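This briefing is meant to be read alongside the sequence and the coordinates. The points are grouped by topic, so that each can be checked against the structure in turn.

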Amino acid sequence: MMLEVKDLHVTVEGSEILKGLTLTVNPGEVHAIMGPNGAGKSTLSAVIAGKDGYEVTGGSITFEGKDVLEMEIEERAQAGLLLGFQYPVEIPGVKNIYLLKAALNAQRTARGEEEIPAPEFMKLVREKLNFMQMDPSFLQRAVNEGFSGGEKKRNEILQMLVLQPKLAMLDEIDSGLDIDAMKVVAKGINSLRSEERAILLVTHYQRLLDHIEPDVVHVLVDGRIVKSGDKNLALELESRGYDWLVEGSAA
Amino acid sequence: MSEEQTFIDALNRRMAARDAAEPTWVAARRQAASARFEAVGFPTRRDEAWKYTDTRSIARGTFVQADNAEFSPAAAAALTLPLDAIRLTFVDGVFSAALSDLDALPAGATVETLSQALESNHEAVGAVLGRLAGVDFSPFAALNTAFAEEGAIIRLAPGTVVETPILLQFLSREGDQPTMCHPRVLIEAGARSEATVIEHYVGETDAKNFTNVITEVLLDRGAIVQHYKLQEAPVGDMHIASVHVDQGRDSRFTSFNLNLGGALVRNDIVADLNAEGAETQYFGLFFAQGRQHVDNHTLVNHNAPRTYSQESYKGILDDRARGVFNGKVIVKRDSQQIEAYQNNANLLLSDRAEIDTKPELEIYADDVKCSHGATTGQLDEEAIYALRTRGIDEQTARGLLTLAFAGEVMEQVKHDAIAQRVELAVAGKLPERFNLAGLVEAAVALGEEG
């Protein structure tokens, strides 16, 4: 298995958000985690990525057998665990090309590989840009600075395509996207699907799953996964909402 | 014996040892400057202009004046800016013909050393030199005028455009005894002439010398002068400098004041916008670490209506470094419809680094557009996190963001060789833990390829 989350308890500013979450993701699988607002969806991806301010009070996270909670933030990314943000941060003055190159070389160096030669890097980046229907001038722009919501999300996917993570976690990647942008983003995510790779989609709405078909759908309510199923579960949630599961969880 | 007397005695010994008489006006000015210096003495912290900058390390120093310009050509080549230039080199203030090259100088432009210019026509020099920088400007201006022996005189005839940058290179040497030099630079830009002048201060790692330089720039109607100062002197050097600018109608002056080196650094820049349509732009970047102290005082005098000034200074301070920014804009009573914008942003990389920043506007006209702002902050932790989630280690992330902060000024630098040099220097000078040199080189290579 690739990612194993066991009985995870997480506290944020004194209140428990995740209350014993268990999840297993295998290579080749696409998982969707759905749930109402405040259920802990974003907390899960933030904890896996190593964001400050989340206290793990119990349980474990392992990635390819390694204890994720013992790894530095950058080590997680170098190991192939990559998070696409719901609200990508603007980084004034740092050009996209710098970020991509530095990130790719960090990953390669961590794996004991040589840094990528400049021409090969440019070829790779141009190819991925083209695939995401982004203008090359974008490389010289500062990371996310002045980008529209759709451009920011495309940029997250572009980074994924260049860095080729083993596990791509995407937090509400569909929020703020119009249908055309959603299609481009979904195309990018679908191109990451492979036998060796896994994808974890965190989403409130089912509509993203019209474009990216999940193998497993989990429903997260009040800090726990209360139900798992196949793609039909997402459709059921679409028509019935979350209330029937919330009540079930409370009972 | 007072600290001042030590310097005056040194001057007297120096003059007594001269084998040839100087033009009368030169000797008279030296005497007047020496008297002025004796009367005012070195500045103290009680002087408003020197409130944050302690110059006792200069006052208490014992400096000799160099009498030769020996410098290994290979070492000089390693230090020089990699660009095609009309080049004058001074070693501890002494002119080096061997390290100079005036081949690219076009007709209509002359570039001479001060001593050559005095020899060929001292009256022409005397008519202009010191017009903008009087001995009452500061004690160091008096000291410079008393001691000045060498420097560069650049004259552009009307309409002359010098495409190749004029590079004045000041090399600081290691030695048994610290040296001092008091160079003068004079740039006379005739009507509609155009040139780029670069002052580059650099030297051997362990040098501990004192440089006290004055630059005067006169722009006639429609002249365009870009003045770059790249100060990457050895970190033991003391560096006091002032740039004085007089602008005629529709002239354009741009100053890039880039400071990376020196133990104690003080820059004054003063521009007088004396006729309509004159424009001045000040760009500054200072990066200091260890116990470096960098003080930048700038002044723009809007003496005429419809003049324009813009200023952007960025400071990066690490360790226990200290920075000072004082930016003053004065708009005279009848200087209507002027525009003056000023900004200073500082980045503190350490809890013990300090910056004192003070923008000052004095406006005596009522129809003006002026703004100023100063900010000081740390690196954005959220941005660092975002970079780390892409696999970039924390030190590199901090380095990238630091370069990005400097980048906003560097983007304005039109000469790639200087821009790249500063980016590399900033990266190389960042504490070793940032380990950025390779990264920037790669990015520079990419820029060329892309």
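**A buried arginine between the chains**

B:Arg388 is buried, with a relative accessible area of 10%. The model is a predicted one, and in it B:Arg388 forms a salt bridge with A:Glu72, the closest N and O atoms being 3.0 Å apart.

- A:Glu72 counts as partly exposed because its relative accessibility is 43%, whereas B:Arg388, at 10%, is buried.
- Through salt bridges that share partners, A:Glu72, A:Glu74, B:Glu381, B:Arg388, B:Glu394 and B:Arg398 are joined into one network.

**The contact between chain A and chain B**

- The contact draws on 32 residues from chain A and 22 residues from chain B, and the area buried between the two chains is about 2400 Å², of which carbon and sulfur atoms give 69%.
- On the chain A side, A:Ile73, A:Glu74 and A:Tyr98 lose the most area to chain B, together accounting for 22% of what that side buries.
- Between chain A and chain B the count is three salt bridges, and there are seven residue pairs in polar contact, with both residues at pLDDT 80 or more.
- Several elements of chain A each supply at least two residues of the side that touches chain B, among them helix H1 (41–49), helix H2 (73–78), strand E7 (91–95) and helix H4 (118–131).
- H3(A) gives the most to this side of chain A, with seven residues.
- By class, the side of chain A that touches chain B has 21 nonpolar, five polar and six charged residues.

**The two domains of chain B**

- Chain B is divided into domain 1 (3–275) and domain 2 (380–450), and 32 Å separate the centres of these two domains, taken over C-alpha atoms.
- In the contact between them, 16 residues of domain 1 of chain B meet 12 residues of domain 2 of chain B.
- Domain 1 and domain 2 of chain B bury about 1200 Å² between them, with 72% of it on carbon and sulfur atoms.
- B:Tyr228, B:Leu258 and B:Leu260 supply 40% of the area that domain 1 of chain B buries against domain 2 of chain B, more than any other three residues.
- Zero salt bridges are counted between domain 1 and domain 2 of chain B, and one residue pair is in polar contact, with both residues at pLDDT 80 or more.
- Strand E8 (194–203), strand E10 (224–231) and strand E12 (252–259) of chain B each supply at least two residues of the side of domain 1 that touches domain 2, and E8(B) gives the most, with three residues.
- By class, that side of domain 1 of chain B has 12 nonpolar, three polar and one charged residues.

**A buried asparagine in chain B**

- B:Asn296 is found in strand E15 (residues 293–302) of chain B and is buried, with a relative accessible area of 1%.
- The side chain of B:Asn296 makes a polar contact with the side chain of B:Asn257 (3.0 Å), and another with the side chain of B:Asn267 (3.0 Å).
- Leaving aside neighbours within four places in sequence, the residues in contact with B:Asn296 also include B:Phe286, B:Tyr313, B:Val324 and B:Phe325.

**Further salt bridges**

- Over all chains, the structure holds 34 salt bridges.
- In one of them, the side chains of A:Glu172 and A:Lys41 meet at 3.9 Å, N to O.
- A:Glu172 lies in the loop between strand E9 (167–171) and helix H6 (179–192) of chain A, while A:Lys41 lies in helix H1 of chain A, so the pair ties together parts that are 131 residues apart in sequence.
- A:Glu172 is buried, with a relative accessible area of 8%, and A:Lys41 also counts as buried, at 4% relative accessibility.
- Within chain B, B:Arg18 forms a salt bridge with B:Glu22, the closest N and O atoms being 3.4 Å apart, and B:Arg18 is partly exposed, with a relative accessible area of 37%.

How values were computed
Residues are numbered from 1 along each chain as its sequence is written. Chains are lettered from A and ligands numbered from 1 in the order in which they are written. This is a predicted model: local features need pLDDT of at least 70, side-chain atom pairs count only at pLDDT 80 or more; totals for chains, interfaces and linings use all residues. Side-chain values use heavy atoms; hydrogens and water are left out. Domain bounds come from an automatic or database domain assignment. Contact means heavy atoms within 4.5 Å. Buried area is the accessible area (1.4 Å probe) that two parts lose on being put together, summed over both. A salt bridge is a side-chain nitrogen of Lys or Arg within 4 Å of a carboxyl oxygen of Asp or Glu. A polar contact is a pair of N or O atoms within 3.5 Å; within protein, one must be able to donate a hydrogen and the other to accept it, and residues adjacent in sequence count only if both atoms are side-chain atoms. Helices (H or I, at least four residues) and strands (E, at least two) are DSSP runs, numbered from the N terminus. Ala, Val, Leu, Ile, Met, Phe, Trp, Tyr, Cys and Pro count as nonpolar, Asp, Glu, Lys and Arg as charged, and the others, Gly among them, as polar. Buried means under 20% relative accessible area, exposed over 50%, partly exposed in between (1.4 Å probe, protein chains only).
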